[in-house]
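Trainee: I am new to this structure and would like to know what stands behind the terms used for it. Please take me through them one at a time.

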Amino acid sequence: MSGIAFVSSVELHPRLCDWVRLNPDRTLSIFNGKVELGQGIGTAIAQIAADELEVPFDRLILVSGDTSRCPNEWWTSASISIEAGGRAMRTACAEVREAFRAAAARRLDAAIDDVEVRLGWFSATGSSAKLSYWDLVAEVDLAQRFSGTASLKPPGAYRVVGRSVPRRDLPAKLAGAAYVHDLDLPGLLHGRVLRPPSYGARLVSIDRAMVQSVAPLAAMVVDGSFVGVCAEREEAAIKAVEAVRNAAHWTEPVDLPEPGEVRSWLLELPRDSDRISAKGTFPEGDGRCLAAAYSKPYIAHASIGPACAVARLKNGHLTVWSHTQGNFVLKSQLARALGMAEVDITVIHHDGAGCYGHNGADDVALDAALLSIAVGHPVQVVWSREDELAWAPFGSAMAIDLKARVMADGRITEWVHEVYSTPHLTRPGWGEGVGLLAAWHLATPFEPPVVANPPLALGGGGDRNAIPLYEFATQSVVHHFVKAAPLRVSALRSLGAYGNVFAIESFVDEISHTVGIDAVELRLMHLADERARAVVRAAAGAATGAAAPPSDGLARGRGMGFARYKNSGAYFAVVVEVSVEKALRVERAWAAVDAGLIVNPDGLSNQIEGGIVQAISWTLFEEVRWDRERVLTRSWDDYPILRFADVPAIEVELIGRPDQPSLGVGECAAGPTAAAIANALFDALGVRVRDLPLTPERIARSIQ
Amino acid sequence: MRSGSDVDPVALTVNGASRQVRVAPGTPLLYVLRNDLGLKGTRFGCGTGHCGACTVQLDGKAVQSCDTPLWAAAGRVVTTIEGIGSPEQPHSLQRAFLEQQAAQCGYCINGIIMSCKALLEANPAPTDRDVRRALERHLCRCGAHVRILRAVQRAAAQPAS
């Protein structure tokens, strides 16, 4: 699909040396394509490698995301880094271990089944002789291909996987230079890009004399409507780009929809409709019919550290240091945008700030490359806060209509889910075209990609988690794909799951109140999956068992949310307790998660806590705003996010399942947390708010 | 180090060392620290004093270096994350944050640590509310808040490093 054949990374890179190399200083380098985004994957992958190679953890050096020497693992996304990346690394390391074990058997003149390896030392039963990986390295051809027969270490034998190994990257981050923002190269210039004032704006002219008088030391690069500046000093580059902003004239179309509630404009746009689930027929039956309509707005990534890249063209070879999620794909896209051969480009991973999906990392890589090529120096570009908030893609707006027929005993016999949404995936390399911002503004512009919704087999987009995990005899789920989004959209943590699960779990709660059945019981009535039942019970139990809230006269309430991410990922349930005075506050949260075999328990908890906090922020505050011409939310004042004063107490229970495959947990908390808050609000005030965010204005309106 | 020979040097103390920088006095302290003095641990987040990522201590007080011109630091004492500890010899706050794994992407953390250091120096036994108040200008998008608050309490309970 989209010109990319999704061959697995071990098939693409089937030699031992593609993944593991031995270094003369008795360390081992392991190479992978899943990159550190702040989620701890680097540490987790190293844990998996340490166990499968059976070497001490601190002997391993992980090299990630360097297109000149690492495997292509496509994108670090979709919560599959442990599932897919972990599996690939496990396979590769097992193959390496087995190749060395065979060599040890030959050298020790023992049967291979009698040879074991422990902490990097091979020995045969009955003999005291020990051989290290380095003692054997001359006898193993690391260029050989995988045998396909290497056995994997059984989970019961894990020493490192399953332990809360501290993050390897944090000590340096808490001490000084660590991010791509901190890279320094000889001759590095600081670059800044003047983005157009709106999506469709076109540059008419720049008063160069004006720019020259304010910023004489800056070099200006203009290519169509792409405008950038470079200077030796960073603050000079910033001053220069502001000078250009004041000296530039644009034509701006008035082509954004009239802002308003999501349904007022989303449902007016052309769409393709696809029934993604049809079960049973809809007889005329007994019971009550309920219907409700939900919505969520556009949401921004709003990372604390803006997008950044460093680019250097040297002897015809372009090197880009980037925090992109997809290094190889970025390389291809850069080659197309720049008219270069892929072999002349290297993309090297360097950590950025928190990445929650398709942000500006790919765009800024092209920015830096364009400027670097134009001025003949290495260039570092850092996006401004305004551009970070206004130009990085947003999480799509969605409208969800739900209908159900429910019996007096709580049995839901019919369920209809219709979701309307703009796209959730417009990554560069996804779809024909060049998906890099500057490429659309050049004098000879590239076409933005023609976008398609990812298939459900890959998790879906706007339809992610639209099909409920609950068992209903009769159900229909329809996805209305609104192809042309008025605002720039792409993948934001959990994609359509946030909106769909918010709607489903709010509706389940509404049903429970209508028929007078406890919301937890209602869920359990319709959940056959034992793992799902277990997280629901665990979260409910933790909340029930908790100390009573203080009697401070505030209205309080509790609500639950549950989902299995993508219906194939991690199981997650959360109960949230809110208080309402002047504003809605989340006071406490009790969560339960089942992620199969846990690689790093503390890392997992950290991701869940973070997912809950971010979802609280989205749900209470966040909404991108625009007018007929421009995106308006460009500062932390316009786009407030949750602050320290508002963070609740959070308890996370991990349900370990060592016999089950590991599942990623980066995205599973979002939708359930949103619903839990809305349900808690109803419990507190009897007010049902179905349109996010749950602002004081929306709550007040619902009370009236 | 990039400087202009036609600019008068500005003297300030950074992490205990006397430094002279030939940089225009209106330059935000953030860029002097990062680019002229090579101290990359103080980070750019917004440039307008809204997120706290650039926080340093100026004569012990937590300030946003993106919003502090160089001339305001002239003759004064600046402390950055590099000046309080290292991975080999961490400050009690760095140690507590690492023990609690009080970070995800880590980008916001150094500014938070500097504000907390200023807090603990003024108030060695802060309440949870005191810490939340001290961090009211700090943003964390990854959601490490709960661990951050816990780490500060752990550090407060340690003897000063």
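This is a predicted model: local features need pLDDT of at least 70, side-chain atom pairs count only at pLDDT 80 or more; totals for chains, interfaces and linings use all residues.

Trainee: Which sheet holds S7, S9, S10 and S17 of chain A, and in what order do its strands stand?

Mentor: The order is S9-S10-S7-S17-S14-S15-S16 (chain A), an open sheet of seven strands with mixed pairing. From one strand to the next the twist averages 25°.

Trainee: What makes strand S9 (219-223) and strand S16 (345-349) of chain A edge strands?

Mentor: Each of them pairs on one side only.

Trainee: How do you know that strand S15 (residues 317-322) of chain A pairs with S16(A)?

Mentor: Two strands pair if there are at least two bridges between them. Five bridges join S15(A) to S16(A), so the two count as paired. They run parallel, and the bridge partner of Ser322(A) in S16(A) is His349(A). Helix H9 (residues 327-338) of chain A lies across S15 and S16 of chain A, at about 145° to S16(A).

Trainee: What is the strand order of the open sheet in chain B?

Mentor: Its five strands follow the order S2-S1-S5-S3-S4 (chain B), and the pairing is mixed. Strand S2 (17-21) and strand S4 (61-64) of chain B each have a single partner strand, so one side of each is left without a neighbour in the sheet. Here the twist averages 40° from one strand to the next.

Trainee: Why are strand S3 (residues 55-58) of chain B and S4(B) called a pair?

Mentor: The requirement is at least two bridges. S3(B) and S4(B) have four, in the antiparallel sense, and therefore meet it. Val56(B) stands opposite Val63(B) in S4(B). H4(B) lies across S3, S4 and strand S5 (77-79) of chain B, running at about 35° to S3(B).

Trainee: Now the two chains together. Why is the link between Arg147(B) and Glu609(A) called a salt bridge?

Mentor: The rule asks for a side-chain nitrogen of Lys or Arg within 4 Å of a carboxyl oxygen of Asp or Glu. The closest N and O atoms of Arg147(B) and Glu609(A) are 3.0 Å apart, so the pair qualifies. Across the interface of chain B and chain A the rule finds six salt bridges.

Trainee: Which helices of chain B give two or more residues to the side that touches chain A?

Mentor: They are helix H1 (29-36), helix H3 (92-99), helix H4 (109-122) and helix H6 (145-157) of chain B. The largest share, five residues, comes from H6(B).

Trainee: How does H6(B) pack against helix H15 (residues 601-621) of chain A?

Mentor: The two helices pack at an angle of about 115°, with their axes 9 Å apart. On the H15(A) side the contact is made by Asp602(A), Ser605(A), Asn606(A), Glu609(A) and Val613(A). His145(B), Val146(B) and Arg147(B) make it on the H6(B) side.

Trainee: How many residues are in contact across the whole interface?

Mentor: In chain B 50 residues are in contact with 59 residues of chain A. The two chains bury about 4,600 Å² between them, 54% of it on carbon and sulfur atoms.

Technical notes:
Residues are numbered from 1 along each chain as its sequence is written. Chains are lettered from A and ligands numbered from 1 in the order in which they are written. Side-chain values use heavy atoms; hydrogens and water are left out. Contact means heavy atoms within 4.5 Å. Buried area is the accessible area (1.4 Å probe) that two parts lose on being put together, summed over both. Axes are lines fitted to C-alpha atoms, for helices over the stretch in contact, and angles run from 0 to 180 degrees between N-to-C directions.
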